[in-house]
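Good morning, and thank you for coming.

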Amino acid sequence: MLTPASITADLDGVLRTLASLGRVLDIAILGACIGVLLLAAVPRLRQHLKAATGVLAVTLAVGEVVLVWFHLRLWQICQLVDPLTGQVSGSYAVPLWIESEKLFVWALLVAAIAFGVRRHEDDLRPMLAVAAVALATGAVLLGKPFTEPLPDFFAQYSSYLAAWGSGSADMAYQAFRGAEASRLYYYNAWYMWVHPPLLFLSYGAFVASFAATLLMIVRKRSSYEQTAYRWARFGYLPLTLGMVVGMPWAIIAWSGDAWWWSGKVNMSLMMWVMYTAYLHSRLYLRRRGMWRVVALIAVLSFVALVLTYVTTYLVPGAHSVA
Amino acid sequence: MAEETRARASWDFSLMVATVGLLGALGLQSLLGTLYAWWAYRTVPGWEQTGYAGFIDVMNAIAAPVVIALIVVMGLCVPKRMFARKALMGVSAGMIAAGVTVGAVSGSLATGLAVYLALSALIQVAVVVLTLAGAGGLTYITEGRVAKAGSGMLHLGFIIFALVVVGMQDSSLMMPAFMLSGVLLTGGSAMSFYARGR
């Protein structure tokens, strides 16, 4: 029979195992990051950079597999029970790219792109590898997905368990209602399994596009511009699709909340219009001096992407953790 | 003939500059709005309860003329595929006049815009159908039938999206129309950008 104590005991066991695995993984990831940085910094050793980037990508992929296991265990353990009826309302299908795991997924994607990039690989790989290192380091040291996983999820679920075990029917029911709403409209929502990964895919492609744009600006070679464009058009599709599927969900889930013109929505709109403007302006690239305008819009578009990401943590609102 | 081609290229370029400029203005507004919200959250206690509704009104009021201009430019982009330059000016002016007339008679700017967008959507549907059928006489910057059809679908998706925002917020068809615009936008992006060689 499910009780708050039995759930807590099972969860403690899983969290201990995750932390043990995570300590090893953190060291492996940071070690791989140091190796990649060294090889990227020393031109004579760059011939081994692809292999080192592959090691980083594989290490991050192993970490992702561990997180998949962790989320499967959460699905098995974290049940919501209606305290009034005693009925189990369901489990949590927590997406793999929220809270402390966002940066981790992004790092994995950029590391995979850095490993797999072909066009202008000698120039692009060092830049992308350094970007992957920055993201992976941030994921390990700031996100802490193994040692301090899913802080918001556990804060709410622990409160629910505490209220359920408190003996107060009112308190337990209030906590259940809040947790059930989060489960249905956030953690288990189909949208959360589609929207974030599409955006992270586009972010990864835009990092590559930005790196190629910088190369174009510095070296003034049109082939870099073509590479930047190819990555941007690759990223624009999942960006558009990800944002389009967001609106119907927002209308339903945030009904009655002030979400229109909220910080994250604003900045996402800004990023999308900037990339739309970039792809539009590029149609006239062959006009005299137009490449400078296109390069400027490409740089501004990437700045908008970075601002969109950090807005989640800085500006409060419906789509924010600030 | 050469002069006509040059004039059309210049017209296309002007529309592109206007589109990019308007998109940039919308982006700048988003940035400034976010900075203001960030400042307000930090300095005005309970701002979400007391000031957020006013903030949305101001943002809507600022965005409205930019969005209207974007819709008008988009409306001008659509018939340029089908009509010669002189006819294009006539058709564009006719569409604007129809929108303004309906808006003035009904007393509703949204209704006027909705009529203008509906006319644009009709023409764009014809453009997409003719492109897919391989009909000659349509002018595009892009090459290849798939890329051309994608470009047409992309514009149609934008128009339907604008139509949803402007005139279908309370309609039971809002969600299906929105999903249709989403399919056209993403499908059109895929066909338009991925079918090009470079």
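The crossing of α4(A) and α7(A) is right-handed. Please bear in mind that we are looking at a predicted model. In chain A, α4 covers residues 121-143 and α7 covers residues 190-219; the two helices pack with their axes 10 Å apart, at an angle of about 130 degrees. That angle makes α4(A) oblique to α7(A).

Which residues make the contact? From α4(A) come D123(A), L124(A), M127(A), L128(A) and A131(A), and from α7(A) come V207(A), A208(A), A211(A), A212(A) and L215(A). By class, nine of the contact residues are nonpolar, one is charged and none is polar.

Leaving aside residues up to four places away in sequence, L285(A) touches M290(A), W291(A) and V294(A). Its C-alpha atom is 9.6 Å from that of E225(A), although 60 residues separate the two along the chain.

Finally, the two chains together. Here 32 residues of chain A are in contact with 31 residues of chain B. On the chain B side, α1 (2-43), α3 (52-77) and α7 (174-194) each supply at least two residues, and α1(B) gives the largest share, with 15 residues. That side of chain B has 20 nonpolar, nine polar and two charged residues. Thank you for your attention.

Key:
Residues numbered from 1 in each chain as written. Chains lettered and ligands numbered in written order. Predicted model: local features only at pLDDT ≥ 70, side-chain atom pairs only at ≥ 80, totals over all residues. Contact = placed C-beta atoms within 7 Å. Helix = DSSP H or I, 4+ residues; strand = E, 2+ residues; numbered from the N terminus. Nonpolar A, V, L, I, M, F, W, Y, C, P; charged D, E, K, R; others polar. Axes fitted to C-alpha atoms, helices over the stretch in contact; angles between N-to-C directions. Parallel < 35°, antiparallel > 145°, perpendicular 65-115°, else oblique. Left-handed = near helix turned anticlockwise from the far one by under 90°.
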